[in-house]
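Dear colleague,

I am handing over the structure below, and my notes on it follow. Please read them with the model open beside you.

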Amino acid sequence: MAVKLFVVALFFSLCILLPLASANSTDFQYCNKAANYVVKVRGLDITPYPVKGGKETTFSIAATTDENINGGKLVIDVKYLFLHVHKESHDICKETSCPVSGDFVISHSQALPGITPPGSYTLTMRMLDGSNHELSCITFGFSISLIAESKAVADM
């Protein structure tokens, strides 16, 4: 009887944890598909993937622009399921070399709190110039897992 209970518990644990460990969401969408953004995003890299609470994760966004951008900020909003859970802002010139023109990469590393709930999250990143004009806006999903993996997921 104890063996049956153990097998049933193990089965249900695997059903819950394995989908979290194998998520591969790196596709992104522009916030406004009709907008002609000054900054065009070419790809997204999340390392390691899936993200694990308490471990450092790097989000790198490859982009291009015909403009000369001397400063501004990144505004990042995160939702868990349908709930807004986090908002932060970063100086563009601290995430990439300024002035920005042509091809460039914005890279930000951060360790999420160890108590971060596993599951599916949605991140929206807005890039604003020094006058708060929107240069670009993308949204993408990512997963936070209980199981650590060391693979990178790239869409570059």
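How many residues lie between β8 and β9 in their hairpin, and which residue in the turn has a positive phi? There are four residues between the two strands, and asparagine 132 has the positive phi, of about 65°.

Please bear in mind that this is a predicted model, in which local features need pLDDT of at least 70 and side-chain atom pairs count only at pLDDT 80 or more, while totals for chains, interfaces and linings use all residues. Residues are numbered from 1 along each chain as its sequence is written, and side-chain values use heavy atoms, with hydrogens and water left out.

Strand β9 (residues 134–145) has eleven of its twelve residues buried, where buried means under 20% relative accessible area with a 1.4 Å probe, protein chains only; strands are DSSP runs of E of at least two residues, numbered from the N terminus. Two strands pair if DSSP finds at least two bridges between them, and β9 pairs with β8 (residues 119–129) in the antiparallel sense over ten bridges, with leucine 123 the bridge partner of phenylalanine 140. Strand β3 (residues 51–52) runs parallel to β9, joined to it by two bridges.

The whole structure holds seven aromatic pairs, meaning rings of Phe, Tyr and Trp (its six-membered ring) with centres within 6.5 Å, stacked if the planes are under 30 degrees apart, edge-to-face if over 60 and tilted otherwise. Among them, phenylalanine 59 and phenylalanine 140 form a tilted pair, 6.3 Å centre to centre with 40° between the planes. Phenylalanine 59 lies in strand β4 (residues 56–69), 81 residues from phenylalanine 140.

With best regards

Conventions. Buried < 20%, exposed > 50% of the residue type's maximum accessible area, 1.4 Å probe, protein only.
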